[in-house]
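Here are a few friendly notes to read alongside the model.

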Amino acid sequence: MVDLKGQYNDIKNVVNPAIQEVIETTTFINGPKVHQFQKNLEQYLSVKHVIPCANGTDALQIAMMGLGLKPGDEVITADFTFAATVEVIALLQLTPVLVDVNEDDFNINIEAVKKAITSKTKAIVPVHLFGQCANMEAIMEIAKEHNLFVIEDNAQAIGANYTYKNGRKVKAGTIGNVGATSFFPSKNLGCYGDGGAIFTNDDDLAHIIRGIVNHGMYERYHHDVVGVNSRLDSIQAAVLDAKLPLLDGYNNARRNAAKKYNEAFKNIENIVTPITVNGCDGICDTCDCHVFHQYTLKIKVTNRDALVKHLNENDIPCGVYYPIPLHKQKAYLDNRYNEADFAVTNQLVKEVISLPMHTELDDEQIQFITSTIIKFING
């Protein structure tokens, strides 16, 4: 699904010296490389504050802690996503409220969000799934109307742009009160272990979060807030800082691969290719709204699971993201949910399949993958 070795071979002349520098200076925690990466990422995102942390799940949890959410507060998020998003809500004894997603772009459904709001609702967590932004303009309008926080789960969309109706563009993760991302190795910007970060333009919130990630300390042994131990180590920061200047190129390579996939599948009945929110039929030459963390098809009529088996037999990696809706997961069962409210998610989990997507995909690989799928679909 990803070719981390191929990517490393292309950049090891930059990455290796950066790692070696950390080892030789022994500045393993909160060293200069962490601060350097923080500043460079702030500049790239045009956001006032980046607070690095240990992983993307921590980033979400710490963002919610920083906002002062209390046990029992309701937090609305998408039913069709990875469990980390709802996991942190439950860990903080908040009340997760799962809602359905859009059939076309897989992101949280605006009307479902509106319907789910109660007097106990305190926050919305839109997930920019598979590399494309949710409808943030509409979400921010809802949040303003109901005095809600917005926490962007940007684990899959680093580098994507969101375009407002007036044409203004901003980076994913910098629109809400706070954004959270993951630097897991397979991400578009991935380190060589675990890592994450929190983004905000709110000075006061940034101050609180900086304390939370470091045991609640602003001064050594003075614990001013309840905190956790969640710091990005210097070796991971060195890797990320070496890769950050390449991120736009990586994302363009992913878009180009997606364009070739789309072209191969465009006339194949029962295959629905990904859409982009700006309305282009796939990936136009100027499109920057989708960074294709995953390239996800919908397989209609044909048995999706049989296709997965067929690809595995032909040594073609694939993934099903996600096979079970969160509202059906044992850990998050809730009698309040009505199956009729999850019609899209319940259908998507039967249809979606994600194909290899990374910066090293070449035309021969794409041709082999697509031709194998088309032969199966056509019988």
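1. Let me start with Ile29, which sits in the loop between helix H1 (4–25) and helix H2 (32–45); helices here are DSSP runs (H or I, at least four residues), strands are E runs of at least two, and both are numbered from the N terminus. Please bear in mind that this is a predicted model: local features need pLDDT of at least 70, side-chain atom pairs count only at pLDDT 80 or more, and totals for chains, interfaces and linings use all residues. Residues are numbered from 1 along each chain as its sequence is written, and side-chain values use heavy atoms, with hydrogens and water left out.

2. Ile29 is partly exposed, at 46% relative accessible area (buried is under 20%, exposed over 50%, partly exposed in between; 1.4 Å probe, protein chains only).

3. Do look at the sheet: it is open and mixed, with 7 strands in the order E1-E9-E8-E5-E4-E2-E3 (two strands pair if DSSP finds at least two bridges between them). Strands E1 (49–53) and E3 (95–99) stand at the edges with a single partner strand each, so one side of each lacks a neighbour in the sheet. From one strand to the next, the twist averages 25° (axes are lines fitted to C-alpha atoms, for helices over the stretch in contact; angles run from 0 to 180 degrees between N-to-C directions).

4. Within that sheet, E5 (residues 149–153) and E8 (residues 178–182) run parallel and are joined by 3 bridges. Glu152 stands opposite Gly179 in E8.

5. Finally, H2 lies across E1 and strand E9 (196–200), running at about 135° to E1 (contact means heavy atoms within 4.5 Å).
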